[in-house]
Amino acid sequence: MAYTHYTEIPADVAERAARIRVVVFDVDGTLTDGRLWYGEDGRETKVFHVHDGLGLKALERNGIRVAIITARISHPVSLRAEELGIANVYQGQKDKRACLTGLLDALRMTPDQAAFVGDDLPDLPAMGIAGLAIATANAHPWVAERAHWRTRLIGGYGAAREVSDMILAAQGKAEAERDRWL
């Protein structure tokens, strides 16, 4: 049975997604809902969705690298990345385009092999060079209008899983991923 959830992917987006070998995610507003939580002791807390984590692991399992590029530095991001086995984590990156370029050089990949998922203005430079620029449903309008594709779900509530599923579907890997759980 064919995977039908993403039959509405525009042909140009499916073509771009078929070439992707690395998916790079911003964190705040993309892997989280964008809110910053601080305890009485000043420690930061972030909430991640388990569906997103499963999607990121599915990408890796299917030969697609996952990376994080974020402007902020946060211990919860380090913990979540370690838990998911994400090796390429770049925090404190004010120039996300330069960071993405460096990552692609290190991985010996070209920009058309990269997807960048973001939601706000600091993500625009990296999205501008990525072969597949994706905005979350909660993205700032200026970001959304420059994306090749936009998720239906908001950051922190399954948007990353939606991205993962769409890319796996475009590469013909979704059914095998589903079947491994049956």
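Colleague: Which ground rules apply to the values?

Modeller: Because the model is predicted, local features need pLDDT of at least 70 and side-chain atom pairs count only at pLDDT 80 or more, whereas totals for chains, interfaces and linings use all residues. Side-chain values use heavy atoms, with hydrogens and water left out, and residues are numbered from 1 along each chain as its sequence is written.

Colleague: In what order do the 6 strands of the open sheet stand?

Modeller: Strands here are DSSP runs of E with at least two residues, and helices are runs of H or I with at least four, both numbered from the N terminus. Two strands pair if DSSP finds at least two bridges between them. The pairing in this open sheet is parallel, and the order is β5-β4-β1-β6-β7-β8.

Colleague: Why is one side of β5 and of β8 left without a neighbour in the sheet?

Modeller: β5 (88-90) and β8 (149-150) stand at the edges, so each has a single partner strand.

Colleague: Which residue in β4 stands opposite Val-24?

Modeller: Strand β1 (residues 22-25) pairs with strand β4 (residues 65-69) in the parallel sense, over 4 bridges. Opposite Val-24 stands Ala-67.

Colleague: At what angle do the axes of α1 and α7 cross?

Modeller: Axes are lines fitted to C-alpha atoms, for helices over the stretch in contact, and angles run from 0 to 180 degrees between N-to-C directions. Angles under 35 degrees count as roughly parallel, over 145 as roughly antiparallel, 65 to 115 as roughly perpendicular and the rest as oblique. The axes of α1 (residues 11-18) and α7 (residues 159-170) come within 8 Å and cross at roughly 85 degrees. The two helices are therefore roughly perpendicular.

Colleague: Is Leu-84 buried or exposed?

Modeller: Leu-84 lies in helix α3 (residues 75-84) and touches Gly-53, Leu-56 and Lys-57, not counting residues up to four places away in sequence, where contact means heavy atoms within 4.5 Å. Buried means under 20% relative accessible area, exposed over 50% and partly exposed in between, with a 1.4 Å probe and protein chains only. Because its relative accessibility is 10%, Leu-84 counts as buried.

Colleague: How far from the centre of the ring of Trp-181 is the charged end of Arg-180?

Modeller: A charge sits over a ring if NZ of Lys or CZ of Arg is within 6 Å of the ring centre and within 35 degrees of the ring normal. The charged end of Arg-180 sits over the ring of Trp-181, and its distance from the centre is 4.8 Å.
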